[in-house]
Every structure is written in C-alpha cells, then in structure tokens.
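Please walk through this model with me, one region at a time. Keep the coordinates open as you read.

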Amino acid sequence: MLLIILSALFSSSETGMMALNKYRLKHQAKSGNKAALKAQKLLKSPDRLLGVILLGNNFVNIFASSIATIIAMRLLGEAGIALAAGLLTLVILIFAEVAPKTLAAIYPEKIAYPAAYFLEPLLKLLSPIVWFVNFFANGFLKMFRIKLKESDHHELSQEELQTLIDEATGQLPGEYRSMLTSILQLESVTVEDVMIPKQEVYGVNIDQPIDGILKAIQKSPYTRIPIYRGTIDDDLIGILNLRRALPTLMRNDVTLKDLVKLTRPAYYVPETTSLNIQLGKFNLNKRRMALIVDEYGDIQGLLTMEDLLEEIVGKLSTDAKSKQPEMIAVNEDGSWTFDASEFIRDLNKEYDFDLPTDGPKTLNGLIQEELESLPNIGTCIRIDDYVLEVLETSSNAIEKIRLIDVSRN
C-alpha cells in the first residue's frame, strides 16, 4: 500500500508540474510564494525534474511488482505470478496513474506546490543518478538534432495573446477586453487609418481682415487649429493653441502679428507610422497634434492625441471632432444607407462589418477602385459578403450608397 501511495505521489507530481500555468507561476513567484519559487526553480531544468520523478516512480513500481510476485509465488505457486501481474497492473493503473494524474491535471497548483518541497531535496540526494540517466537520454535526443533549450521559451504571439483575451470572458469585463484588443492592434494600424482627412481639417486662413480671422477662431470646435495663408498646402504658418492665446484674444487691440507670434511650428508625421510608435512620439515630443504627410510631403490629414486614444478606449466625447460613423437610414429590407465618405474601418467597428481595409479608406474609394471609374447611379457591385449600390453621385465622387450584408439576410 505504501509503494502504491508513493507511486501515486510521483505520478501526480509529474502531471501537476507540467500542467502549471507558466505565467501564473511567474506572478506567484514574484509575489513571494515559496512553493511557487521552488516549483519555478525545478522547472528551469525539466530534464532533471522528470529524471528524478520517473526514477522514483519506476523504482517504487518495480519494487511493488517484485514484492507482489514473491507473495503470489508463496501463496499460489507459479500460477500466481500471472495473477499478481494482472492485479497489480490494474491497481497501479487506476490508483497510481489515472486517478492521481487526472486530479493533478485539474488542480495542478494544489499538487505541484506541495510536491516541490519533497522533490527539491530528493533531486539533490539522487543528483548523481539523475545526471547519469539524463546524460544518455539527452545524448539520444541530440542524435536526432533536437534542441533541448527551446522548451524554455514561452513567449506568446499577438494572435495567442488575442486568444487569451477572447477567452477571459469571466475574468475581464467586455470593455476591458475591447481595450486590450485595441492595444494589440495599435501596431497594425497606421496614423492614416484614423486621421481626420485634409478636407475636414478646421483651420483659419489669415488672408482676410482681422475681424474675419477672430470670428473664424471663435467658431472653432477645437483648442488647436492650423493657421495658414491661402490654403493649408500653400503656406502653413503654424498651430495656434487657443487656451494659451486666450489672454491675447481677449484684448481689443489684437493684431495679426500677435496671433502669428503665438503659433507653434507644425509637427509632421509620415502616413505609414503605426499608432503604437506615434503614441510614444507624442509623449516624447510633448505634442498633442500632428499633421500627416505622404511620401512627397503633401499634407493628407491631421491626428490628435484624442483620436489615438479613442482607438483604445472608444469614443471619448460627442463634440464636433468625433469621427463616429452615422447611418443615414435603415431600409425595410435590412440594408443600410451610408454617406460614401465614411471610413471603412469606422464602419467595421461600429456595425460589425468585415469590409476590406487594406486598400482605400472610404466607401467612395473602395467602389471607385473596384470599378476603376466613377459609376452611374444604380450601379451595384459585390465585395465579399456585401452588395454596394450607388444612390447619389457628384461630378467627381460617390455621395451615398446602399449596403446589403448578404451573410445576415
């Protein structure tokens, strides 16, 4: 009975040690859990750990088999050998293998942590024998060019981290899972994907009387606005921070020269910059706004710190700077009517679509790229599971479209 119990202890400790969550183990070890520290130390050399466990397990099993054989021969003669072998195999299989290993797989910490206290001194005691066994075992594996150290790496890929987040339904609220998912996607999203397009950038042209300039500044929905002459592409003077400029703007004798002095040089960012890099650059350069430029240096749009943070935490406010897509209508047949200038990526997030985002950024651009021309009203195209019908056009762009999700109908 004692040998069966020892066999069960070795079997359960083997499964428990191997089934430990490596990241939970690291956390508990850093928190000062002594059993976790011992288990972590043992798992740093899995070949030695398995060596001492299997050495002890095989020894007690063979010893138990020898004793059972001797007893059976004395009681039943040679015929008892087969009977003893069969009964002992059944007993060891149930009570020393399957049952304890199943228990250890379900509760690895409850089995592995106490086991670490007797495995550590046992490993020291049997170290010469374990070394001898591992020398030949590892040498045999090396004959097949198996790298033994590769099992020490437990880094998770982005996809594996995403799977962990998706499966943490009980531990994490939905909004936290959404934020973590957005953080993981920052590397694959560029500033071009979330910027305010150039045609929607609110700026002030100073080629007008000072009264007109001040009125335009007063109407601004933003605290930071570009100041330029002619157009934003012709002569960009800089960025005016209205909070800092407020004392000057309150004066009755404010001049254009005063406003120009208050501007700060614009901060430019390539359109291919990923959001995770730009988040660090905003912090490093003490900036909250950047102008996005293409490979030729032409301004394509504007990005603020708030726009970037909205990619992580969702919509921050309902002010004028929000780029949340708005549906024009929901039709009786279950289709949607959208402004063709809406960003595809915003529609995917808001309405759970799966429209392609690796090409044009807007519905207008997507349709025109597929057709390679400006379509007529009534033109329909199918892209994956979506049918897009052109409802309105202007001289150079599509204005409204009707979208049908075939997979939902």
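Start with the aromatic side chains. Trp-336, Phe-338, Tyr-351, Phe-353 and Tyr-386 make up one aromatic cluster. The model is predicted: local features need pLDDT of at least 70, side-chain atom pairs count only at pLDDT 80 or more, and totals for chains, interfaces and linings use all residues. Residues are numbered from 1 along each chain as its sequence is written, and side-chain values use heavy atoms, with hydrogens and water left out.

The pairing rule is geometric. Rings of Phe, Tyr and Trp (its six-membered ring) pair if their centres lie within 6.5 Å; planes under 30 degrees apart are stacked, over 60 edge-to-face, and the rest tilted. The count under this rule is 13 aromatic pairs. Phe-135 and Phe-136 give an edge-to-face pair, with 5.3 Å from centre to centre and 85 degrees between the planes. Tyr-351 and Phe-353 are stacked instead, at 5.8 Å centre to centre and 25 degrees between the planes.

Phe-136 has 51% and counts as exposed. Tyr-351 is buried at 17%, and Phe-353 is buried at 5%.

Next, two loop residues with positive phi. Asp-352 has a phi near 60 degrees, a positive value in a residue other than glycine. Asp-352 sits in the loop between H16 and helix H17 (363-371), where helices (H or I, at least four residues) and strands (E, at least two) are DSSP runs numbered from the N terminus. Asp-352 is exposed, with 62% relative accessible area. Asp-384 is not a glycine either, yet its phi is positive, at about 55 degrees. Its place is the loop between strand E10 (380-383) and strand E11 (386-393). At 53%, Asp-384 is exposed.

Now go to the nonpolar interior. A nonpolar core is a set of buried Ala, Val, Leu, Ile, Met, Phe, Trp, Tyr and Cys residues joined through side-chain atoms within 4.5 Å. The largest such core has 23 residues, and Met-17 and Leu-20 have the most contacts inside it. Helices H1 (2-19), H2 (22-30), H3 (34-43), H4 (46-76) and H6 (108-125) are the elements that give two or more residues to this core. H6 gives the most, with 6 residues. Leu-20 touches Leu-25, Ala-39, Leu-43, Pro-108, Glu-109, Ala-112 and Tyr-113, not counting residues up to four places away in sequence. A second, separate core of 19 residues includes Ile-344, Leu-366, Ile-367 and Ile-398.

Stay with helix H1 for a moment. Thr-15 lies in this helix and is buried at 18% relative accessibility. Leaving aside neighbours within four places in sequence, Thr-15 is in contact (heavy atoms within 4.5 Å) with Lys-101, Ala-104 and Ala-105.

What about empty space? Rolling a probe the size of a water molecule over the atoms shows where such space is left. On a 1 Å grid over the protein atoms alone, a cavity is a set of points where a 1.4 Å probe fits but cannot get out; a pocket is an open set with protein on both sides within 12 Å along at least five of seven lines; lining residues have an atom within 4 Å of a point. Points are joined across faces, edges and corners, and a volume is the space filled by probe spheres set on them.

The structure holds 1 cavity of 30 Å³ or more. Ile-206, Ile-213, Ile-227, Leu-256, Leu-259, Val-260 and Thr-263 line the largest cavity. Helix H13 (residues 256-262) supplies the largest share of that lining, 3 residues.

The largest pocket has about 930 Å³ of space. Its lining has 40 residues; Ser-182, Gln-185, Glu-311, Arg-345 and Lys-349 are the closest to its centre. H9 gives the most to the lining, with 8 residues. By class, the lining has 11 nonpolar (Ala, Val, Leu, Ile, Met, Phe, Trp, Tyr, Cys and Pro), 17 charged (Asp, Glu, Lys and Arg) and 12 polar residues (the others, Gly among them).

Key. Buried means under 20% relative accessible area, exposed over 50%, partly exposed in between (1.4 Å probe, protein chains only).
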